[in-house]
Amino acid sequence: MFSASSATASSSKATAPTARRGRIARLTASAMASGLVVAGALVGAGTATADEVPAHQGGATAVLDGLKTFDTALLHDGGKTRKVSAGLFEMNVDGGGTLKTYCIDIHNPTQDRAKYLETPWDQTSLGGNNDAGKILWILQHSYPQVNDLAKLAEAAKTGPLTEETAAAGTQVAIWRFSDHADVTAQDEQAEKLADWLENSATVTAEPKASLALGPVAVSGRSGERLGPVTVHTNAGQATVTPPADLASGVKVTDKAGKPVTTASDGDQLYFDVPAGSDEGNASLTVQAATSVPVGRAFAGVTKSQTQILAGSSESTVSATATATWAKQGPIPTATAEKNCAKGGVDITVGNKGDEAFTFELDGKENTVEAGKTVTVTVPVAEDQAYDITVTGPNGFSKTFKGVLDCKTTGSTTGGGSTGGTDTQTGGDKPTTATAGGSTGGDDTNLAETGSSSATPMIAGIAIALVVVGGGAVVLLRRKGHTASE
């Protein structure tokens, strides 16, 4: 099985600098010591400037570190054959940890140092792919989950395998299901492995998130316990300490109002807001150290080749929820989620107040009655970045940003064409393309650069993580004229 040691030692092409390994080890050890940290952060109020809401819906956040263990595959498309480097990428997790991934969009190149977020299947191309579960079976039954290469070769009857050919064969098999591409491994043993994996694969259910909170936004009147916010995680027991800002009087408790000192999968958290508190809001971030489940999808914050997890060291994962309160009037919340089935982004506005709340979205006015929610799907073109703002009275404003990447590049062009173009017409004459992302006349090899030649504009992810001793909860009340999420 994939382990923390194999995450940094199995790469046959490059190793991370010693300083970075030491920093990650220290950060991971800190997260492991705290178990699960719940921290609060002040959310500003009474301003016409939009509060930008992070796209992260929970789990790991990581930066691509390049293709590390690979061999050559041949992509046959439109009467041409292109060489594509096929194998395992590595990612460095924010806060500590290493991930190994395969890509699931062969025609779309990766971007240098791209930021990735753990993402549910239905918000990627996997959601509309009936073969997605077969990809998970492949990941569970091949390299690096099966790191005994002799055992893998015996099962697949391939002959001797190396880490490079095992990774290439596994990637080729994945592409046959993720992109339904005509692709073969150049190495004979790797091709036999790809055939065996393809023929043996059966549908397996999507793995659960490493860490998620539901819902991610709650609201209500001052003097109430706002929630519940349910913890969903594969990590062990949570550690929660009292709020650092005792003067606010806001606490994180269970349903009975008892301050929370531990939390685990299925536990429910509440914001206990003192009676008479002015309108305000606070956020809590749940953080854990755990192995991210194999098969979790990773989508780029900017346009970059979607990845699927093949192995995880002990890694830092996090999720954030917010609470909004007021004495009276409308008490709105706003959340966003990609809707690949409808080709857009669902904006859900809730109102736990005692008056209707009117908001503007996508150039139209909408009203949500007290105690109700309204969901509006804002259309977004495939592969396009979106910047959606919800505005309302008294300066209420929430902005959601991201990229809608719901299809593999080849599937968006129609027919049998690919997502890239090829300037050569030499029939079966091989040309070089970027690894896992055929770009046509580009001779850049991702195996050498760790990316395509494009440089992204990486969006920042505003996640407040506070680690103090065994963990901390910092809840800050703010006063103003706005009741926002």
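**Ground rules.** I number residues from 1 along each chain as its sequence is written, and I leave out hydrogens and water, so to speak, by using heavy atoms for side-chain values. Since the model is predicted, local features need pLDDT of at least 70 and side-chain atom pairs count only at pLDDT 80 or more, while totals for chains, interfaces and linings use all residues.**The whole chain.** I counted elements first, and the secondary structure comes to seven helices and 26 strands. Helices here are DSSP runs of H or I with at least four residues, strands are runs of E with at least two, and both are numbered from the N terminus. I then looked up burial: buried residues make up 55% of the 485 residues. Buried means under 20% relative accessible area, exposed means over 50%, and partly exposed lies in between, with a 1.4 Å probe and protein chains only. The chain exposes about 19,000 Å², of which carbon and sulfur atoms supply 49%; the areas come from the Shrake-Rupley method with a 1.4 Å probe. Among contacts between residues at least 6 apart in sequence, 73% join residues at least 24 apart. A contact means heavy atoms within 4.5 Å.

**Helices α5 and α6.** I looked at how α5 (residues 163–178) meets α6 (residues 188–200), and found them packed at an angle of about 40°, with axes 8 Å apart. The axes are lines fitted to C-alpha atoms over the stretch in contact, and angles run from 0 to 180 degrees between N-to-C directions. The two helices are therefore oblique to each other, a label for what is left once angles under 35 degrees (roughly parallel), over 145 (roughly antiparallel) and 65 to 115 (roughly perpendicular) are taken out. The crossing of α5 and α6 is right-handed, meaning that the near helix is turned clockwise from the far one by less than a right angle. On the α5 side I noted Gly169, Ala173 and Phe177, among others, and on the α6 side the residues include Ala190, Leu193 and Leu197. The residues of this contact divide into eight nonpolar, three polar and four charged. Nonpolar covers Ala, Val, Leu, Ile, Met, Phe, Trp, Tyr, Cys and Pro, charged covers Asp, Glu, Lys and Arg, and the others, Gly among them, count as polar.

**Helix α3.** I found α3 (residues 132–141) mostly covered, with seven of its 10 residues buried. Among them are Ile135, Trp137 and Leu139. The cover over its buried residues includes β5 (98–103), α5, α6 and β17 (307–312).

Most residues other than glycine have a negative phi, and most peptide bonds are trans. I looked for exceptions. Tyr143 and Pro144 are joined by a cis peptide bond with omega about 10°, and Pro144 sits in the loop between α3 and α4 (149–156). The bond from Gly227 to Pro228 is also cis, with omega near 0°; Pro228 belongs to strand β10 (residues 225–233). Asp383 has a positive phi of about 70°, lies in the loop between β23 (372–379) and β24 (385–391), and is partly exposed at a relative accessible area of 24%. Asn394 has a positive phi near 60°, lies in the loop between β24 and β25 (397–403), and is exposed at 58%.

**Lys352.** Last, I visited Lys352, in the loop between β20 (344–351) and β21 (357–361). Leaving aside neighbours within four places in sequence, Lys352 is in contact with Ser219, Gly220, Ile331 and Gly371. Its C-alpha atom is 8.8 Å from that of Glu369, 17 residues apart along the chain.
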